[in-house]
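Subject: Structure for your review, with notes on its charged residues

Dear colleague,

Please find below the structure I would like to hand over to you. My notes on its charged side chains follow.

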Amino acid sequence: MVAEGRQRIDKWLFFSRAVKSRSLAAKLVVAGRVRINRDKAAQASDLVKPGDVLTITLDRRIFVWKVIGAGVRRGPAEEARTLYEDMSPPPAPKGEALPDAIPALREAGSGRPTKKERRQTDRLLGEE
């Protein structure tokens, strides 16, 4: 007995084309990679309703989707996009380095560092 407008999270993920099968959707939920309104979804049978915000982690990407409606079938991609509103942050540019990355202390192509050079690097970074 499902309340009107509510649907199991595994079915909804399958109908919205986030995953290829319901069994993969269930595994995704059980692995803790799906949040419903900031709370981890515990089981594949958890219900979603219009207005819920889902945070889905897939392959190093994070999707933030607002549920607009419950699905009836797994239809074409255009039909699947009507089930949610994409609120995901824009992806980072590919050429940008991480802000906390340590810049290289050697010239590119100068070969492998010697033990002496590694010790000097460790001292500069405060690791002894």
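Glu 79 is partly exposed, because its relative accessibility is 28%, a value that falls between the limits of 20% for buried and 50% for exposed. Please bear in mind throughout that this is a predicted model.

The partner of Glu 79 is Arg 73: the two form a salt bridge in which the closest N and O atoms are 2.8 Å apart. Arg 73 is partly exposed as well, with a relative accessible area of 48%.

Salt bridges that share partners also join Arg 8, Asp 10 and Arg 22 into one network. Asp 10 belongs to helix H1, which covers residues 9-15. Is Asp 10 buried or exposed? Asp 10 counts as buried, because its relative accessibility is 3% and the limit for buried is under 20%. The side chain of Asp 10 meets that of Arg 8 in a salt bridge, with 3.0 Å from N to O. A polar contact links the side chain of Asp 10 to the side chain of Arg 22, at 3.3 Å. Arg 8, for its part, is partly exposed, with a relative accessible area of 30%.

A further salt bridge pairs Asp 52 with Lys 49, where the closest N and O atoms lie 3.1 Å apart. Here Asp 52 counts as buried, at 3% relative accessibility, whereas Lys 49 is partly exposed, with a relative accessible area of 32%.

How many salt bridges does the count come to? The count comes to four.

Which residues form the positive surface patch? The patch is made up of Arg 112, Lys 115, Arg 118, Arg 119 and Arg 123. One of these residues, Arg 123, is found in helix H4, which covers residues 115-125. Arg 123 is exposed, because its relative accessible area is 53% and the limit for exposed is over 50%.

With kind regards

Key: Residues are numbered from 1 along each chain as its sequence is written. This is a predicted model: local features need pLDDT of at least 70, side-chain atom pairs count only at pLDDT 80 or more; totals for chains, interfaces and linings use all residues. Side-chain values use heavy atoms; hydrogens and water are left out. Buried means under 20% relative accessible area, exposed over 50%, partly exposed in between (1.4 Å probe, protein chains only). Patches are made of residues with over 30% relative accessible area and no salt bridge: like charges are joined within 9 Å, nonpolar side chains (Val, Leu, Ile, Met, Phe, Trp, Tyr) within 5 Å. Accessible areas come from the Shrake-Rupley method with a 1.4 Å probe; for residues, only the protein chains shown count as cover. Lys and Arg count as positive and Asp and Glu as negative; His and the chain ends are not counted. The place of a charge is taken as NZ of Lys, CZ of Arg, CG of Asp or CD of Glu. Helices (H or I, at least four residues) and strands (E, at least two) are DSSP runs, numbered from the N terminus. A polar contact is a pair of N or O atoms within 3.5 Å; within protein, one must be able to donate a hydrogen and the other to accept it, and residues adjacent in sequence count only if both atoms are side-chain atoms.
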